[in-house]
Structures are given as C-alpha cells and as structure tokens.
Amino acid sequence: MSDLTTTTDADEGAGSGGSKASKAAGISGAAGSAGVSGDADVDARLEGHRTELTGYCYRMLGSAFEAEDAVQDTLVRAWRNFDKFEGRSSLRSWLYRIATNVCLDMLNAGNKRARPVDLSGPTPLAQAALTPRPENVWLEPMPDGRILPTVQDPAEAAVARESVRLAFVAALQHLPPKQRAVLILREVLAWKAAEVAELLETSVASVNSALQRARATLTEQEGRVPDAADPLDEEQRKLLERYVKAFEGYDMAALTALLHEDAVMTMPPFDLWLQGTSDITGFMTTIGAACAGSRLVPVSANGSPGFAHYKPDPEGPGFVPWAVQVIDVRDGAIAGMHCFLDVERWFPLFGLPERLPAGATGGE
C-alpha cells in the first residue's frame with residue numbers, strides 16, 4: 001500500500017491552503033524532486049481528476065477546506081510517486097486509493113461534521129440565543145463547480161448532485177469511515193464490489209457487508225429528501241423568484257406563504273435552529289431585524305439552489321456579506337433555509353464580491 005498512501009490529485013480552485021497558482025507551484029516543486037518536472041502531460045492527467053476527487057473527499061469529510069487539503073495532499077503524493085505507478089490499475093483508481101487513505105487518516109481524529117438539526121431539538125423563539133460552536137463542529141457548504149464534474153449522462157449527473165446535498169452528506173457522517181468510503185464508491189461512483197475490495201485491501205464479502213450496514217444507517221438518518229433542484233424546473237424557478245422578492249422586501253406574510261409549516265432555519269456557527277413559519281418569521285423581525293432590506297445573489301451549492309446574502313451596511317451606503325444560504329425545496333415549498341454566517345471563509349470560496357454597491361439588485 002505504500003505507493004498508494006503517497007499520491008495526490010488537485011481540485012478546481014483555491015482552498016484554505018492558498019490560490020490554485022500557489023498550489024500548482026508546490027506540485028511542480030514536488031514533481032521536480034521526483035525527476036518528472038519535464039512531463040507536462042503528468043500534470044494535465046492528474047489535474048483532470050481534481051474536481052471529482054474533491055467531491056469524493058468532501059463527501060468523506062463534510063468540510064470544504066479539509067476536502068481541498070486532502071486532494072492537494074493526494075496530488076502532491078501522486079507527483080512524488082508517479083514514477084512508481086506501474087499501470088496495474090487505472091490512474092483514476094490509483095488516485096482514489098490514495099485519496100481514500102488520506103481521508104481515512106484525517107478521520108482517525110474522530111471528528112464528524114454536523115448540522116444544527118443533528119445536535120439538538122428546535123429552539124422556541126422565546127428561548128432563542130445565538131451561541132456559537134467551533135468551526136470544526138459544522139458541516140460546511142461547497143460550491144457545485146468545485147465538486148461536480150461535467151458529465152453527459154443526466155442520470156449520473158442527478159446522482160452526483162443528490163450525493164452532495166447537505167442532508168445526504170450529514171447522514172454520511174454517521175457512518176464509520178470505511179463504511180462511508182464503501183457506500184460512496186459503490187452507490188455514488190458505481191464501482192464494482194471487487195474494485196472497492198481491491199482499493200481497501202479487503203474481501204468482496206466484507207465490502208458487501210459494510211455496504212449493507214451503511215445503507216441501514218442511512219435509511220435511519222436521512223429523513224425526508226428535498227426535491228431534485230438542478231436543473232431547476234419552471235415551478236421551482238418561480239418559487240425562488242417569489243422567495244427573493246419576499247426576503248428582499250422583508251414581507252413576512254409573503255414569506256410565510258412560501259414556507260412549509262415545518263420549515264427549518266439554521267445559522268452555523270450558531271447551534272440555534274428554528275422550525276415552523278411563526279418562529280422563523282418572528283426571529284427575522286426581532287433578533288434578525290438588521291437583515292431588512294437585504295439583497296440576495298444566486299449561487300449553486302451542494303446540488304441545491306442558494307443565495308449570497310448581503311445585508312445593508314450599517315456604516316454607509318451599499319451592502320455587506322452576511323451569509324451563504326442553501327435552500328431546500330420540497331413539494332413546491334421552501335423546506336429549509338440553511339444560512340452559513342462565516343462570511344470571511346464562504347464568500348471567497350464562492351468567488352463572491354466583498355460588498356455590493358448602493359442600488360444593487362439581487363434576484364435570479
């Protein structure tokens with residue numbers, strides 16, 4: 001396994017470790033030390049797997065930045081050991097094996113990511129208090145472009161999108177690390193049991209047993225699944241247009257009409273979460289009243305519709321970052337508003353501007 005625990009691929013874009021250019025420089029340095037710096041084809045071949053590997057590591061780890069770090073580690077290891085790659089398996093399989101080992105090593109620390117709804121029951125509005133928890137507690141959002149490679153098969157694309165939804169990735173966190181890897185490789189990436197067994201250096205029977213246990217756990221954890229939302233159908237587009245209009249106008253009656261009665265609103269890094277239209281709109285008009293007059297800019301995150309939320313700048317004209325919202329749609333209504341408030345991390349990750357000028361319009 002030594003040649004596989006020392007290999008890497010890269011992801012599309014910069015993560016917490018710096019820009020793509022600086023990462024490429026580090027990879028080129030590693031390549032030079034391995035004596036393969038003159039082979040530009042190696043870089044291109046490895047780079048071609050970056051996005052799909054990032055999606056895999058994100059599903060495994062539940063963290064955008066840890067996933068990018070894992071892929072970067074995988075790619076550097078691949079460069080350093082490319083001359084040892086003997087072609088007994090495909091380059092893709094080799095990279096996945098390395099990435100799996102990197103992720104399993106990272107998961108040995110025992111940390112698993114969660115949503116606020118996974119940690120406690122809903123808080124009644126009368127008891128609402130904004131209590132933050134450390135960053136490493138939370139399941140993190142991820143831009144679609146960093147984790148969903150372009151595929152021609154609509155069915156394959158749909159599976160990929162569903163498998164990065166917040167609810168699905170949160171459910172994965174309840175699985176032991178190796179079960180997590182087995183389920184992703186078998187159910188999401190459609191690997192054969194024999195291929196997974198070879199990757200994990202175990203038996204087909206062990207893989208099948210792990211998959212059965214993982215499926216049972218996921219059935220208990222996933223709950224109601226949001227509607228497929230990419231590409232949006234006409235009804236979903238109109239619903240989101242009405243949502244933007246209601247939110248930007250801070251029209252609580254209009255917003256209530258768009259929400260499921262059991263809709264939830266979460267706000268990591270705060271562990272508070274609210275359920276039901278009255279508590280959500282009550283929060284927005286009390287503790288969250290400073291968001292009146294906000295602007296929403298569309299983004300795509302976790303295979304779902306989303307928005308960059310800019311609120312009015314309290315110090316002058318224009319709008320400043322406040323949250324990245326990931327929206328769950330179910331049965332023609334808004335079922336979830338997941339608002340990630342750590343804007344210093346999320347807005348650069350999504351490539352969003354630092355502010356909007358006065359007079360800016362959001363919407364679709």
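In this predicted model, six strands form an open sheet in the order β2-β1-β6-β5-β4-β3, and their pairing is mixed. The edges of the sheet are β2 and β3, each of which pairs on one side only. From one strand to the next, the twist averages 20 degrees.

Elsewhere, helix α15 lies across β1, β2 and β6, and runs at about 45 degrees to β1.

The residue ranges of elements named in this report are as follows.

| Element | Residues |
|---|---|
| Strand β1 | 259-267 |
| Strand β2 | 270-275 |
| Strand β3 | 295-301 |
| Strand β6 | 333-340 |
| Helix α15 | 277-284 |
| Helix α5 | 91-107 |

The largest nonpolar core comprises 73 residues, and the members that touch the most others are Leu-46, Tyr-56, Cys-57, Met-60, Trp-94, Leu-183 and Leu-352. Helix α5 gives the most to this core, contributing ten residues. In soluble globular proteins, nonpolar side chains tend to be buried together.

Leaving aside residues up to four places away in sequence, Met-60 touches Cys-103, Leu-104, Leu-107, Gln-173, Pro-177, Arg-180, Ala-181 and Ile-184.

Note on methods. Residues numbered from 1 in each chain as written. Predicted model: local features only at pLDDT ≥ 70, side-chain atom pairs only at ≥ 80, totals over all residues. Heavy atoms only, no water. Core = buried A, V, L, I, M, F, W, Y, C linked by side-chain atoms within 4.5 Å. Buried < 20%, exposed > 50% of the residue type's maximum accessible area, 1.4 Å probe, protein only. Helix = DSSP H or I, 4+ residues; strand = E, 2+ residues; numbered from the N terminus. Contact = heavy atoms within 4.5 Å. Pairing = 2+ DSSP bridges. Axes fitted to C-alpha atoms, helices over the stretch in contact; angles between N-to-C directions.
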